[in-house]
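Let's take a walk through this model, from the overall numbers down to a few individual residues. Have the structure open as you read.

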Amino acid sequence: MGAEALPACNNSDITTATPPSPPPLILGLLPAAFVDHVARVDWSLLDQIPGERGGSIPVAIEELEQILKDVKTHIITSPDGTSSLRTMAGGSVTNTIRGLSAGFGVPSGVIGASGDDEQGKLFVSNMSFNGVNLSRLRMKQGHTAQCVCLVDELGNRTMRPCISTAVKVQAAELTREDFKGSKWLVLRYAIFNLEVIRAGVRIAKQEGLFVSLDLASFEVLVFCLLLIFLSQNRMVRNFKVQLLQLLESGDIDLCFANEDEATELLRGEQDADPEAALEFLAKHCQWAVVTLGSKGCIAKHGKEVVRVPAIEANATDATGAGDLFASGFLYGLVKGLSLEECCKVGACSGGSVTRALGGEVTTENWQWMYKQMQSQGLQVPDIRN
């Protein structure tokens, strides 16, 4: 990953050159751009890599590169002959924003930073191809974050991100100009980016934006803390406290959580189930959504509560399902659809990405989604794929 030298500049970063364009309707806050390497592999590889199967555990760049080498000898051939290894712009916010732009035709962009290496160029190319506005993406000297996502025969994911050396946008670099003219800010909670998240939320509210928060899994933080602060359980509690403080600030308008994330919020309470978590989130957010995997989702807005079943999608890989659900739900909101309709669109888009490898929906599967929407009488995006 040889980085190209950047021209001399008084600042520490350079904004990616993009022709002037209207502000994106929806912005994603992406402190560090990600590139995903997604592969369908046999069980034996999962026994060789660091950490247990499943979940997401950080690795050093040397470990990530070794895993990528090992992947080549453990790839499972797809029945349809398509590639079982895909490299693309990745990460939760990236998946959601790309889906909004490519599949729903909603003008969308990202605020963040990528490296000037080959991975950074790939990120820019992939997002630009999908129509995402990159005028607020800083390009910095250094490495772009990467993640290996290994999918087994049953569709379960084992993720190994490498983020320790990646370039990031800093809280002090965010300006009101980054947010001006947009209507929504999409972000994913992560303790490692807490300062940037707080700054982004603060400026977004100053500019009158709605804020959508996706709860992040606790597993990465817990793993790190067990290694470094094994006897200091207070650190894990503080992670939860900081998340609760953000929710209770009143600055989060929409919150997405999967079943595990939602119940984790209420761990230790008498009724730590998805319904109780939904009620808790709805106390602090205008819209609250808990996704339940194959059981669909539950959502609340004001006094209205809806439950919507999942879509049968003949799934092969769950990567990005929650992220694309968020794309569909946000599309419904900006189009003025009802709460139930927003959930139904989310179910269709979430199902579409599970039909192929990785968090990027193929053209074929966008068409599948539009047919699903039509069959349910939903407003289909006016977009040509």
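Accessible areas here come from the Shrake-Rupley method with a 1.4 Å probe, and for residues only the protein chains shown count as cover. On that basis the protein exposes about 17000 Å² of surface, 51% of it from carbon and sulfur atoms. Keep in mind that this is a predicted model: local features need pLDDT of at least 70 and side-chain atom pairs count only at pLDDT 80 or more, while totals for chains, interfaces and linings use all residues. Residues are numbered from 1 along each chain as its sequence is written, and side-chain values use heavy atoms, with hydrogens and water left out.

**Confidence**

The predictor's confidence in each residue is pLDDT, on a scale from 0 to 100. Its mean over the protein is 86, and 86% of the residues reach 70 or more. Residues 1-15 fall below 50, and beyond near neighbours in sequence this stretch has 31 contacts in the model. Residues 218-236 also stay under 50, with 20 contacts beyond four places in sequence. Where pLDDT is low, the predicted coordinates should not be read in detail.

**Overall build**

The protein has 13 helices and 15 strands. Both are DSSP runs numbered from the N terminus: helices are H or I with at least four residues, strands are E with at least two. Of the 385 residues, 54% count as buried, where buried means under 20% relative accessible area, exposed means over 50% and partly exposed is in between (1.4 Å probe, protein chains only). Contact means heavy atoms within 4.5 Å. Among contacts with a separation of 6 or more, 77% join residues 24 or more positions apart.

**Cores**

A nonpolar core is a set of buried Ala, Val, Leu, Ile, Met, Phe, Trp, Tyr and Cys residues joined through side-chain atoms within 4.5 Å. The largest one holds 53 residues, and Leu254 and Phe329 touch the most other members. Leaving aside neighbours within four places in sequence, the contacts of Leu254 include Trp184, Val211, Leu213, Trp287 and Phe329. Apart from that core lies another, of 42 residues, with Leu29, Leu174, Ala257 and Ala282 among them.

**Around β10**

Strands count as paired if DSSP finds at least two bridges between them. Strand β10 (residues 184-188) is mostly covered, with four of its five residues buried. Strand β2 (residues 26-30) runs parallel to β10, joined by three bridges, and Gly28 has Val186 as its bridge partner. Strand β11 (residues 210-214) is also parallel to β10, over five bridges, with Leu187 opposite Leu213.

**The five-stranded sheet**

Next comes an open sheet of five strands in the order β4-β9-β8-β3-β5, with mixed pairing. At the edges stand β4 (55-56) and β5 (85-90), each with a single partner strand, so one side of each has no neighbour in the sheet.

| Strands | Sense | Bridges | Residue pair |
|---|---|---|---|
| β3 and β8 | parallel | seven | Asp36 and Cys147 |
| β4 and β9 | parallel | two | Ser56 and Met159 |
| β8 and β9 | antiparallel | six | Val148 and Arg160 |

β8 and β9 form a hairpin with five residues between them, and Gly155 in the turn has a positive phi of about 90°.

Thr158 lies in strand β9 (residues 157-162). This residue is buried, with a relative accessible area of 3%. Beyond four places in sequence, Thr158 contacts residues including Leu46, Arg53, Gly55 and Cys149.

Met369, in helix α13 (residues 363-375), has a relative accessible area of 0% and is buried. Its C-alpha atom is separated by 6.1 Å from that of Ser349, 20 residues apart along the chain. Gly103, Phe104, Cys348, Ser349 and Ser352 are in contact with Met369, leaving aside neighbours within four places in sequence.

Asn126 sits in helix α4 (residues 118-129) and is buried too, with a relative accessible area of 14%. From Asn126 to Ala89 is 37 residues in sequence and 6.1 Å in space, C-alpha to C-alpha. Not counting residues up to four places away, Asn126 touches Met88, Ala89, Arg98 and Glu360.
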